[in-house]
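Hello,

Here is the structure I promised to pass on. Please open it first, then read my notes below.

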Number of protein chains: 2
Amino acid sequence: MPELRKDPVNNRWVIIATERAKRPSDFKSKGEKEKGEKGFCPFCEGNESKTPPEILSYRKQGTLPDTPGWWLRVVPNKYPALQIEGALEKKGMGMFDTVTGTGAHEVIIETPEHELDFDSLEIGRVEETLWAYRDRSIDLNRDPRFEYILIFKNHGVSAGASLEHPHSQLIATPIVPSSVREEMDGALQYFKYKDRCVFCDIIREEKDSNERVIMENEDFIAIAPFASRFAFECWILPKIHDSTFPDITRHEVMALAEVLGGMLKKMSKTLGNPPFNYMLHTAPCKMDANQLKHYHWHIELIPRLTDVAGFEWGSGVFINPTPPEEAAKYLREEGK
Amino acid sequence: MPELRKDPVNNRWVIIATERAKRPSDFKSKGEKEKGEKGFCPFCEGNESKTPPEILSYRKQGTLPDTPGWWLRVVPNKYPALQIEGALEKKGMGMFDTVTGTGAHEVIIETPEHELDFDSLEIGRVEETLWAYRDRSIDLNRDPRFEYILIFKNHGVSAGASLEHPHSQLIATPIVPSSVREEMDGALQYFKYKDRCVFCDIIREEKDSNERVIMENEDFIAIAPFASRFAFECWILPKIHDSTFPDITRHEVMALAEVLGGMLKKMSKTLGNPPFNYMLHTAPCKMDANQLKHYHWHIELIPRLTDVAGFEWGSGVFINPTPPEEAAKYLREEGK
């Protein structure tokens, strides 16, 4: 069983994946992975039996689960970081704190087509992917063992994608992750001082100065954040205050697909299909949405262009060689 | 002039290196760098004129600065993240906060020999390197513009080293970095509750259980921390409570060199000369050491074996495939 452990100094949680304990020899051939996987792909249509049984699929009427006919499938991760079975147990080990590694780890296979790149990204595929994010979030939110559901995408080997077939992932955790907690705490502090949502203020400020806005439609805005950690980092936010993603309406799904799909295309064209990650930050599962006047859900999109090295790991301070104003200008002009 | 910017949500600082603004085309050839640099090395003996003038050197009596005859040199980084010239100025930009990018960025060239690997690491070289860390820390501590001095080492291309010649770096910042602040806050919270230093308690607990101790001598202990973020992560701590590294005595330098050098050799042998970073965490410049009963300086050593991907960037929670107990066993037994 995997285990969550809390660092007693800074209260940072880690997942110790005890079930797939890696020996030194497992790491030595890392260089070879850079080539990327070729050959058999368990996510391609026709290979449904090579994944664990599907949890959700959007498929042609009359086709059976785990057979062809789908345009989107959600399956459990075959090598999960956390395990869905088992009760949640918190216990101390001497001075240290642990929680059983109970959670969900799912893969959202975004399309049956292996070779779809982002230049040819269809808005419909992004919409369907967003619906899957929503449907799985609502379902997992009902499980009382989970405190948070993090949806993310790794694209490209150096961004951590072990399979190149287009997919996103979702991990439900029995704790609120520290990055989310820091955001919530900071946003609450701001709200207490100003009586306004910090994200709403950012949107207003960015629209006024118009220096870091990349694109927008009626419902969503994409900006290069003022304190971008990474070159060409981008945040996508709903323009109207909203703290929880799964509340998203049909109209908003379409609007978000336009901005997210548009940003991925812009990034791919401007930077030559770079490796990237995106992460969806929404309020923790058990927080009453009515209480969250201070928190505003959003997507953070980070192309992986620069190395993260000793200074960043030691300080938490990132060195960004591209001012966000420059990044926004390049991305804004792409495709015009 | 580079600029520090604070994220208004989580109060995280970033350095925007405005002087070396990167355009999209600068990133596209990233793959090529993986090969590592060959040919001319500005850090080799005889090439002293290819670095900025030296700040400090340990060299044969009678030899002149910026000429051969040295066994360790400290020079300004040719492409500094922060700039030493200029007054420190804090200002607001609308709702955002900035600080001028005033700071120091120095390179500690650990040896004139380019090809020294860690299997043949001499303890004397580690000692001299530690003396340089101390001497530069004491000197920079006097500059009232600086709040923190972070010493770190990047080894290997994928750990962020752009030159393979053995070197460490130092960055002095006009703010206390967030990772350090989080550690200090957590340690203070613990101290208020228990009236003991959390690091001292960790050392006691680790010695008692003896599951995660890798090596120790009279003065220093190396452990695989209970909540290791990375596979084969290791912390080195002074056994007697001490909050500031630059106070280190001659005896302690020798003892630390033994443990740090020993750990680097063990890591190199166990994991096949992996890319790694280490970072020295000490108290901020302007804190009176007498006040810091709660903080304990230490070195964090992280081999770079696994990818950091969307889940980690989005959550701050790391997935570690190697339980620290296993890592400690492998490292402890190496070289026995």
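**How the two domains meet**

In this predicted model, 30 residues of domain 1 of chain A are in contact with 27 residues of domain 2 of chain A. Domain 1 covers 3-18 + 39-178, and domain 2 covers 182-333. Taken over C-alpha atoms, the centres of the two domains are 22 Å apart.

Which elements give two or more residues to the side of domain 1 that touches domain 2? They are helix H3 (123-141) and strand E8 (148-155) of chain A. H3(A) gives the most, with 10 residues. Sorted by class, that side of domain 1 has 17 nonpolar, seven polar and six charged residues.

**A helix pair to look at**

Two packed helices are described by the angle between their axes and the distance between the axes. Take H3(A) and helix H6 (residues 250-271) of chain A. Their axes come within 9 Å and cross at roughly 120°. Angles of 65 to 115 degrees would count as roughly perpendicular, and those over 145 as roughly antiparallel. H3(A) is therefore oblique to H6(A).

Is the crossing left-handed or right-handed? The crossing of H3(A) and H6(A) is right-handed.

Now find the residues that make the contact:

- From H3(A): A:Ile123, A:Val126, A:Glu127, A:Leu130 and A:Trp131.
- From H6(A): A:Val253, A:Met254, A:Leu256, A:Ala257, A:Glu258, A:Leu260 and A:Gly261.

By class, this helix contact has nine nonpolar, one polar and two charged residues.

Best wishes

How values were computed. Residues numbered from 1 in each chain as written. Chains lettered and ligands numbered in written order. Predicted model: local features only at pLDDT ≥ 70, side-chain atom pairs only at ≥ 80, totals over all residues. Domains from an automatic or database assignment. Contact = placed C-beta atoms within 7 Å. Helix = DSSP H or I, 4+ residues; strand = E, 2+ residues; numbered from the N terminus. Nonpolar A, V, L, I, M, F, W, Y, C, P; charged D, E, K, R; others polar. Axes fitted to C-alpha atoms, helices over the stretch in contact; angles between N-to-C directions. Parallel < 35°, antiparallel > 145°, perpendicular 65-115°, else oblique. Left-handed = near helix turned anticlockwise from the far one by under 90°.
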